[in-house]
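Q: Hi, I'm new to this one and would like to go through it slowly. Could you take me through what stands out?

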Amino acid sequence: MSAEMDFELATPKDASEAVALMQANPGACYIAGGTDLVANLRRGIGAPPMLIALDGIAEMQTIAEDGTHLVIGASVTLARLMAEGLPKRFAAMSALAEVAGPGLREAATIGGNLCLDTRCIFYNQSKWWRKANGYCLKLDGDTCHVAPKGKRCHAAFSGDVAPALLVLGAEVQVVGSGGARWMPLSDLYREDGLDHLTLGAGELLVAVRIPLAAAALHSGYAKSRLRKAVDFPLAGVAVALDCKDGRIADLRVAVTGTNPRPILFDHFPDAIGQEPTGAVLDAITREIGKDITPMRTTNMPGMYRRQMAGVLVKRLITRLCAGQGAKG
Amino acid sequence: MASIIGLTINGRKQEHLIPDAMLLVDFLRDKLGLTGTKKGCDGGECGACTVLVDGKQRLGCMTLAKSVAGKTVETIESVGPHGRLSRLQTAFHEKLGTQCGFCTPGMIMAAESLLRDNPDPDEDEIRTALSGNLCRCTGYVKIIESVQAAIAAGEVGK
């Protein structure tokens, strides 16, 4: 934590100015709340010549309804979303309260949490630590210490809000030089720890929208971690389902903290119409287990995180089908 | 790059020349000499650098000084009126909420922010509000009791 930072801080007034600044300044970086970026820069992870501040852009600070969606500006802070009662409307958004600690949630933004850099025990370290270890594939080196024989980076996406938004069917709005477009949140991510966002050069995530209909779903978020606060997830699970007469009528599960991207699972044909019995829950967990690949990127073994993801999925589905609250 | 920004610090409007890359905690401690705000982990994990920005708890080590332009910043130096201890400070003193003292300014600022929003929090709410603040002496029980004692003693910040 000793790296001296040196950059120019640009303060654009709107999103298109921010995008233009980014395109005119190669190597620049957007900064929203800065709660993850500043920690990384202080560790000598990256040294962008310019940071482009998003916290002064008024159009990215709005919360509004358009008849079918709740539209949230990307620079709205997590604390404000909590104060606005989002977890009461969409239970899975209780994930907001699981992010870091209260002081960070006052600064951290929803856009920043969605675009959070991937994390690894060999990456989120000081420069001298990483140098002594020969650096790593994600930054300055050519070997992944998690899987040295492989040629890909396994750093894990560790945002808590993304899985909640995924199961609620959220979309994100991206602005680039070609204008603005909406896309499903799952399309924002790819399975590559080095380059996990599909945003093009200079593109900026400006808003998130949640279908109002999602408020009718039973949903929740549960998180495994060493301490009850501050920690990133070892595994985080969001579930949204509909339940009719004790039987699962619709089911979406999303998992964070295990892969370079948060993964949405929305195809469980064998579980639909079933009661959440042990065998049905086992089958759901097996289905998820095919795609989640927690590696040794945290201080807990991958197998533990894999098992915890399954445990959290089962607990949440059981609780939500029983019509109880959504706390994990 | 550096530029002149205006902000209110501990009740006084001021203008300062602030480098773009300067952290709020360094600005407060090194430029203004407000060393009550501590630098603990220097990585956003311990809460020792907690100050109030527009009344809400924020971490000085994760906040760029320039980003609080036009805002109101309050540090531990401001909570005691006329050189006396605030209710929270008094309670931390009397209830032994302070051991080595390093986390105390952050704990008090986080508690101050809580009590302004919620003058009568229950124990869970106190624990949640202080969940971003680490005490390496592990005196958490006494810290919670101190906040409860301050609530019992009356209005905070007076």
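Q: To start where the two chains meet, which side chains do A:Arg227 and B:Glu45 bring together, and in what kind of link?
A: The side chains of A:Arg227 and B:Glu45 meet in a salt bridge at 4.0 Å, taken from N to O; the term stands for a side-chain nitrogen of Lys or Arg within 4 Å of a carboxyl oxygen of Asp or Glu. Please keep in mind that this is a predicted model, in which local features need pLDDT of at least 70 and side-chain atom pairs count only at pLDDT 80 or more, while totals for chains, interfaces and linings use all residues. Residues are numbered from 1 along each chain as its sequence is written, chains are lettered from A and ligands numbered from 1 in the order in which they are written, and side-chain values use heavy atoms, with hydrogens and water left out.

Q: What else is A:Arg227 linked to?
A: A:Arg227 belongs to a network of salt bridges that also takes in A:Arg43, A:Asp231 and B:Glu45.

Q: And how many salt bridges cross between chain A and chain B?
A: The rule finds 3 salt bridges across that interface, and it also finds 2 residue pairs in polar contact there, both at pLDDT 80 or more. A polar contact is a pair of N or O atoms within 3.5 Å; within protein, one must be able to donate a hydrogen and the other to accept it, and residues adjacent in sequence count only if both atoms are side-chain atoms.

Q: How much area is buried between the two chains?
A: About 1900 Å² is buried between chain A and chain B, and carbon and sulfur atoms give 62% of that; buried area here is the accessible area (1.4 Å probe) that two parts lose on being put together, summed over both. On the side of chain A, the residues that lose the most area to chain B are A:Leu9, A:Pro102 and A:Glu106, together 24% of what that side buries.

Q: How many residues does each chain put into the contact?
A: Chain A gives 25 residues and chain B gives 24 residues, where contact means heavy atoms within 4.5 Å.

Q: What about A:Arg209, which strand is it in?
A: A:Arg209 is found in strand E8 (residues 204–211) of chain A, and it counts as buried at 17% relative accessibility. A polar contact of 2.7 Å joins its side chain to that of A:Glu171. Leaving aside neighbours within four places in sequence, the residues in contact with A:Arg209 include A:His69, A:Val71 and A:Trp182.

Q: How far does helix H10 of chain A reach?
A: Helix H10 (residues 302–321) of chain A has 20 residues and reaches 29 Å from its first C-alpha to its last, close to the 28 Å expected at 1.5 Å a residue; that expected span is 1.5 Å times one less than the number of residues. Its buried residues include A:Met308, A:Leu312 and A:Leu316, and what covers the buried residues includes strand E10 (235–244) and helix H9 (278–289) of chain A.

Q: Over in chain B, what is the phi of B:Asp42?
A: B:Asp42 has a positive phi of about 60° although it is not a glycine. Most residues other than glycine have a negative phi. B:Asp42 lies in the loop between H1 and E3 of chain B and is buried, with a relative accessible area of 10%.

Terms used: Helix = DSSP H or I, 4+ residues; strand = E, 2+ residues; numbered from the N terminus. Buried < 20%, exposed > 50% of the residue type's maximum accessible area, 1.4 Å probe, protein only.
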